[in-house]
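Work through the following exercises with the coordinates open. Each task is followed by a solution in steps.

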Amino acid sequence: EWLWRPLGNPPGVCVTSHALRNPRGFGLMQRDRLFARYEDLEARYDLRPSAWVEPLGDWGEGRVELLQFHTADETQDNVGAYWVPATLPAPGEPLEMAWRLHVGGEGLALPPNAWVTQSRRGHGYRAAKPSANQLQFHVDFAGPALAGLSPDAVQAVASASGNAGTLRAIAQPHAAHGGWRVTLDVERLDARTPLDLRLFLKSGDRTLTETWSYALPPES
């Protein structure tokens, strides 16, 4: 399974993790390469490199941990990703690990089937004044696995943590950019509790895309 977790600027310190055995790779990826997304001639965020860690050999049980903490502006580095073994060595004992670090631009470490190109969050249109706990996400997918599929052949599969009430996901072809867009509506039961969301596309028993994994931190 490929996982994609969009980064954010949480109100405080936010640490999330993915537990797994013998990871094939992980990294911090800059997929959005359009200058118009940033309009910054000095920092040129559209040219910033991605970094991908390729483990060599078996790393065993552990977790990839993602650290994010609040920053007042974009000039502060506030994100880190690293591997934490399930069993740490005793003080003075060695820990042998090997890896290869890939640094590059567009197309580095993409899933072979289809992937997330962008995701946006808001409240969506409501006939009445929306509740702060009613959230809507638009998640766009693209990739060769989605080419030529009819609208009734693709299904959005969404799941959420116990802090979610109503959950609805609708997939449709993306008429403007190709690929597919999923509209995900979710009710957050308690704003003081984190909310974890997962979403991917499938056709029958075949998984078409990576999994969009979103963590909404608690509000103070």
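Buried means under 20% relative accessible area, exposed over 50%, and partly exposed in between, with a 1.4 Å probe and protein chains only. The model is predicted: local features need pLDDT of at least 70, side-chain atom pairs count only at pLDDT 80 or more, and totals for chains, interfaces and linings use all residues. Residues are numbered from 1 along each chain as its sequence is written, and side-chain values use heavy atoms, with hydrogens and water left out.

**Exercise 1.** Find the salt bridge of Arg63 and classify both partners by accessibility.

Solution. Step one is the criterion: a side-chain nitrogen of Lys or Arg within 4 Å of a carboxyl oxygen of Asp or Glu. Arg63 meets it with Glu65, where the closest N and O atoms are 2.8 Å apart. Step two is the accessible area. Arg63 has 30% and is partly exposed, whereas Glu65, at 14%, is buried.

**Exercise 2.** Which residues are the bridge partners of Gln68?

Solution. Strands are DSSP runs of E, at least two residues long, numbered from the N terminus; two of them pair if DSSP finds at least two bridges between them. Strand β5 (residues 61-69) runs antiparallel to β2 (residues 13-21), with nine bridges, and Gln68 in β5 stands opposite Cys14. β5 also pairs with β6 (residues 79-85) in the antiparallel sense, over seven bridges. There the partner of Gln68 is Val79.

**Exercise 3.** Describe the lining of the second largest pocket.

Solution. Next, the elements: β8 and β9 (134-142) each supply at least two lining residues, and β8 gives the most, with four. A pocket here is an open set of points on a 1 Å grid over the protein atoms alone, where a 1.4 Å probe fits, with protein on both sides within 12 Å along at least five of seven lines; lining residues have an atom within 4 Å of a point.
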